[in-house]
Amino acid sequence: MQAISVLGSTGSIGVSTLDVVARHPERYQVYALTAHSRVDELAAQCARFRPQVAVVGTAQAAQTLQQKLRALDVRTEVMHGAQALCDVASAGGCDVVMAAIVGAAGLASTLAAARAGKKILLANKEALVMAGQLLIDSVAMHKATLLPIDSEHNAIFQCLPHDFGRSLEEGGIAKILLTASGGPFLKRPVETLDSVTPDEAVAHPKWVMGRKISVDSATMMNKGLEVIEAHWLFGAPADRIEVMIHPQSVIHSMVSYIDGSVLAQLGNPDMRTPIANALAYPDRIESGVAQLDLVQIGQLFFERPDFTRFPCLKLAYDALQAGGSSAAILNAANEVAVQAFLNQEIGFRMIDQVIARVMDRLPHGPLADIDALIEQDRVARSIAQSCLSLSS
Ligand SMILES: NC(=O)c1ccc[n+]([C@@H]2O[C@H](COP(=O)([O-])OP(=O)(O)OC[C@H]3O[C@@H](n4cnc5c(N)ncnc54)[C@H](OP(=O)(O)O)[C@@H]3O)[C@@H](O)[C@H]2O)c1
C-alpha cells in the first residue's frame, strides 16, 4: 500500500489523479490533499478519500474548510500556507507526491519532496523550467525518483531504453520528437489573434486542462516549457529536441534512434494514462481510459510549427540556449502575462511581447542557489508588471 500526497488536488490533474487512485484502493491510500481556494471541492474530496491532512492557501480558507469537515464528520487535520505544502510533501507518512500545483507556486513543495527522497510524479513543469539544475541535483542527492506526468514526457519516458541514464549518446538516441496539438488557433488567421477572448483561448480542441496551461497551449508557450522540461529530464540539448505539430494528439511523443528506428507512444488524449503509468511504474494498472481505435482514426497528420504564429515557442528555445536564469525569467514573465490576459488587461498577442521585453531588459546569469532563483523570479515579475502598464 502506498500513501500519496496530491498537491493541487482540486485542479484538472489532481482530479484525474484521484480518479485513478479510487480505482485501486488495494494499492493506494491518500495521505494529503491540497488546494488554494476551492474549499468546497476540497471538502468533498476529503469526505471521499479521508486524508490525514488537507492544506489550503490562507487561514480564512482553513477555518472555512474546518467547519465544512466538522459538518461532514471528517477528521482530517487542516493546515494552511506554503510551509504546510512542503510539510505534506516531505512527511514520513507519505511515499508518493503528485506535484500538480500550477506555476511557480509549486516549486518549493516539489523541492521539499525531492529533499525528502520521495517518489515525485511531476506535472508542475514550471518547477523544472525555473530550477532545472537545482531540482535534478536534489533528486540525485537525496535518491528521490522523478517521473514525468506531462503526456509528452511520459511518452518519451516509455519510449526510452529501460536502462537509460541521462546521456543520449549511450542510449543511441538521435532526437527527441515532441508532439504538439497546435492548440485552438492553429488555423486561425494570425491577424485576427489580437481579438481572441480568454474563453476562446482556453477552449482546447483535444485536452481539458486548467486555464493557465490552456492559454500556454494556445500560444504554444506550453510546448516551449516542455522543450526545457525535456532538456532537464532527458539531458537533451535544444538542437536535439524537435517540436512537431500533430493536431489529433494521438501520438504523445517519440524517440528517434541513430539506427533509423522511431519509437512512439500512442493513446487517447486523457491524462489518466500518464498518471496511471507513473503511479504504478514499473507495473501497468487500469486507468479508466478507453482503448485507442486506430482504424476509426484512419490517418495521422503532422506539420512543422511556424514561429511567426507561435513566437512564444521561439522565445523558449532562445531561453534554453541562453541558459542560466533565462528560463526562470521566461517563466515568470509568462505567468504574469497569461494572468493579465485572463484578467482581460492585455490582448492575446501582447503575451509574447511582454515576455520578449522582460527577457531583453533583465540580463540573465548563473543561478547559484534557490535564494538567487527566488530573487530573479521576483525581479522578472516586477518588470513584467511594468511592461503590462506600458502596453495598455
Ligand atoms: N491539465 C493538464 O492536462 C496538464 C497536463 C500536463 C501538465 N500539466 C501541468 O500540471 C500543473 C497543474 O495543471 P492543471 O491544469 O491541473 O491546473 P489547475 O486545474 O489550474 O489546478 C491547479 C491546482 O493548483 C492549486 N493552486 C493554484 N494556485 C496555488 C497556489 N498559489 N498555492 C497552492 N496551490 C495552488 C489549485 O487550487 P484551487 O483549485 O483551490 O485554485 C489547483 O488545485 C501545471 O503545472 C500544468 O502545466 C497539466
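A polar contact here is a pair of N or O atoms within 3.5 Å; within protein, one must be able to donate a hydrogen and the other to accept it, and residues adjacent in sequence count only if both atoms are side-chain atoms. Keep that in mind for the tour.

The model is predicted, so local features need pLDDT of at least 70 and side-chain atom pairs count only at pLDDT 80 or more, while totals for chains, interfaces and linings use all residues. Residues are numbered from 1 along each chain as its sequence is written, and side-chain values use heavy atoms, with hydrogens and water left out.

**Stop 1**

Select the ligand and Arg38: an N or O atom in the Arg38 side chain is 2.5 Å from a ligand oxygen. At Gly8, a backbone N or O atom is 3.3 Å from a ligand oxygen. Protein covers 88% of the 900 Å² of accessible area that the ligand has on its own (Shrake-Rupley method, 1.4 Å probe).

**Stop 1**

Go to Ser253 in strand β10 (residues 251-257). What is its relative accessible area? Ser253 has 0% and is buried (buried means under 20%, exposed over 50%, partly exposed in between; 1.4 Å probe, protein chains only). A polar atom of the Ser253 side chain lies 3.2 Å from the backbone nitrogen of Thr179.

Then pick Thr110 in helix α5 (residues 107-115). Thr110 counts as buried because its relative accessibility is 1%. Beyond four places in sequence, its contacts (heavy atoms within 4.5 Å) include Ala99, Ile120 and Leu135.

**Stop 2: the nonpolar cores**

A nonpolar core is a set of buried Ala, Val, Leu, Ile, Met, Phe, Trp, Tyr and Cys residues joined through side-chain atoms within 4.5 Å. The largest has 98 residues, and Leu330, Ile346, Phe348, Ile351, Val354 and Val358 touch the most other members. Helix α14 (residues 326-342) gives the largest share, 12 residues. Finish with another core lying apart, of 38 residues, among them Leu33, Leu69, Trp207 and Met271.

Methods: Helix = DSSP H or I, 4+ residues; strand = E, 2+ residues; numbered from the N terminus.
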